[in-house]
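Please keep the viewer open as you read.

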Amino acid sequence: MAETTVYRTKPSNETSTKGQTAFYRNVILPSKALKEKQKLPLNQIKNTAAAYEKQTTLRKEDTEKFRSSLERQLSIDMLRHGYHNSFRELCAILAWQKEDRERLGAEHPLHRRPLLDAESDKLRYLCQYLNKAEEAERRSQFSNMYHNYLELASYFLKSDDRWLSDYFYEKSLTVAQTHSQFDPQLAAEAYLNVGLAYERRSDLVKALNSFIKYYQLSEDNEHLKTDASIQLTRLYMKLAQRRTDNQSLQYVNKAYEASIQTGDKKVENETSYKLGQAFLEHGDVDSALKYLHKYYDYCQEVNNDEGFGQASEALAICYQKKSNIEKSTEYLTKYLQKVSDKEGDMQYARACSALGFIHITLSQYDSAIQSLSKAYSISLANSHADLDRNRVLFGIAHGMKLRPAFNDHVDRMHTKELLQWKCTRHESFITKPKP
Amino acid sequence: MATAELVYPLAFPKSIAHKCEICGKTASRMCAKCRVTFYCSEEHQIADNVGIHDKICPTLATLRSKQPFLPSEEERRDRDHEIREKKLHLIEVTRMIGERHVFQNRYDAAIPAALASLKLAMDVYGPRSVELIPSYLILSEASLGLKQLNQCWEYLSQAQYTVLQQQNQAPPAITSQVARNMAQLSIARKDYDEAARHLANDIYDASLYYGTEHYKVAGGYFLLGKVFKLMNRLEVTESLYTQVTQMWYYHLRRLLQSRVVFSDMDAILGKNDDEDEEDETTKSSKLDLATEAEAHNTLQTLLAYRLENHHGNPMIQELNKIYHCFTILYFLARDYIQVHDSMNKIKDCNVKEIDDDQQRILKFLDQLNRMKSLMKRQQQEN
């Protein structure tokens, strides 16, 4: 049975045009209004129609892309293909960054860099590689997964997002650790990367731990083992530089032990030199001597002149501390001989100044002045970096020489002579014996 | 001009024609109890009665009857306010009843309930409000259950249009539900790409609203796993189902811990635990019917999947997790016999958490039994 409405309901937008028939209202008026609107020239209408036809029909997903943010689009793309772990990681990373910012407060300089979800390239790259990593995980291709994380870490390192790259290095470490039975080399590499990351952040203790693990894991692989030892050496030296007490000595010691493992003579001997110097600083002359000798011999073998010079100097200082004068002069004269063919060179200047220094300490001021004047003139001529040092030493030698006469005058209270001397500062003034 | 006058079946004054509750045609029957609900045929009346009318008959009587004139503005306002409150309450009640019908797969009973809630909501909020969407969703689920795909599509389109009209100010919880239902429809239509897209939207919105590890997101992941299984990409299904198991496991364990704490307190205070103390348990620690049904369905499917796909060596840990989830579920639903059953199914488990939970459950059951025997003795003494 057909339904009819009882009352005719008037539409609310009907214009109240009294005195016009329904026909006029319903048929003629609308068409007139339409004509008013279509005042565009025919050509334009044709062009728009043609353009409209050429447009590709958008599917639902394309329209959605226009409506939503990049983050949403990428997340939805990832979820559509089933990469839900990547989606959750992305959410976690973005949330972490926001939390970090809030924690650091509003004025921290870090805030000037844009948030991650504002940088489209990085987001896309991140999503792409997270997807690859998840795909690899599903297929249990753990080395692939590891490499993908590594890629991400190095990308973020290049773009200076340290926090992200550290995070991905640690992730690659966990992957390598849990599946280390397949490929221990990966685990070792992962530890290396993590150690480097800690070092960059100046967290040296943690870096040390990672490098030690790296060393332990690379037992089988020669190449990695030497690399591990080199890293360890370097790190121990850094640690030693930071601390100035007994700890530093221990560190340098450890560095030396590590350097022996490298099998690289150069590194080993350089470390032994540093160790010797450290011992010297702490007053342990004998052990210093041992290591410095080692370095000395090595330099002789390799004909490393500068090293040789350094070694000779150090050895001389050691012996001088032990009051073994002949030995120290012996070393220094050997050094001098070696470099004597290169007069005017920096080495020669250094040799001379070292010799002069020894003479000063031995109160042999004349010979000191002799060698120091040579050193000073050379360095003056070539404006070496050592210039100031030589100047000072030269002055010291002269001063020390004049000191006894000066004291004598002071004792006898010959103030007038002293004052005269002060005016001219001539040497002869003071050394002339006065009645 | 004599127009053919239609005769209206019910003996009401001229030009008052009531419409059937269910279909909207002219009504020829009336509910005798409330006298304000009308139906066109006996089948519709029975359907409505079974679905919802039985429970809301008296309330409808007060709501729909003609209100007498009240002299003062204040009284009118108060009365309007009261009526509105009643309607709101009724919307909730009808929705819950509709959902319950859906969970128990009584789809034809769900439709009248959902329709009633829809009408009431339209009355209160207006025809374009976001509040109508849950009713539309129940309707769509019911029609999906009855295999009326076009009807389902209509309801869902209406829901989507409402969302769009509100300029995307709908809370993400609702949009995610809409997307989830659209995905279910797409699965029924075998359009798996579309379903995946909808589910992606759903998971994104739900994660935004609840957090990425919340159990409400698990429904989306579960359906996504189903989609990929139907698309025959089993490795994706595997990882998704593991994720779902993890989420439910976490949520149920949390519920168990908070629930057992409360129950311990009750035991100490000597209260009988069989009474439901709704006020004391916080919202988050309640396991309401909807979640329970959902969890039950999900876990059963997961179990079936695990058992069928790994004939050789099932992943013991995963299986144990699922069994443990079942244990907690039965325990929270007070189905104690099943609890022991599923606990026995866990073998070779060396996860400390599961052992801890089992200890707790056993201790609690023990206490319960002791209290019951105590009460029995007291009754016998009296």
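1. Conventions. This is a predicted model, in which local features need pLDDT of at least 70 and side-chain atom pairs count only at pLDDT 80 or more, while totals for chains, interfaces and linings use all residues. Residues are numbered from 1 along each chain as its sequence is written, chains are lettered from A in the order in which they are written, and side-chain values use heavy atoms, leaving out hydrogens and water.

2. Where the chains meet. The contact (heavy atoms within 4.5 Å) takes 23 residues from chain A and 25 residues from chain B. Chain A and chain B bury about 2,300 Å² between them, with 55% of it on carbon and sulfur atoms; buried area here is the accessible area (1.4 Å probe) that two parts lose on being put together, summed over both. A:His84, A:Arg88 and A:Arg138 supply 24% of the area that chain A buries against chain B, more than any other three residues.

3. A charged pair. The rule finds one salt bridge across this interface, where a salt bridge is a side-chain nitrogen of Lys or Arg within 4 Å of a carboxyl oxygen of Asp or Glu. A:Arg72 pairs with B:Asp205 in a salt bridge, and their closest N and O atoms are 3.4 Å apart.

4. Helix H7 of chain A. Helices here are DSSP runs (H or I, at least four residues), numbered from the N terminus. Just after H7(A), A:Asp160 takes a positive phi of about 65 degrees.

5. Helix H12 of chain B. Which residues of H12(B) are buried? They are B:Tyr336, B:Val339, B:Ser342 and B:Met343. These cover an arc of only 115 degrees around the axis, which puts them on the same side of H12(B); the arc is that of the directions from the helix axis to the C-beta atoms. What covers them includes helices H11 and H13 of chain B. The face turned away carries B:Ile337 and B:Asn344, which are exposed (over 50%).

Notes: Buried means under 20% relative accessible area, exposed over 50%, partly exposed in between (1.4 Å probe, protein chains only). Helices (H or I, at least four residues) and strands (E, at least two) are DSSP runs, numbered from the N terminus.
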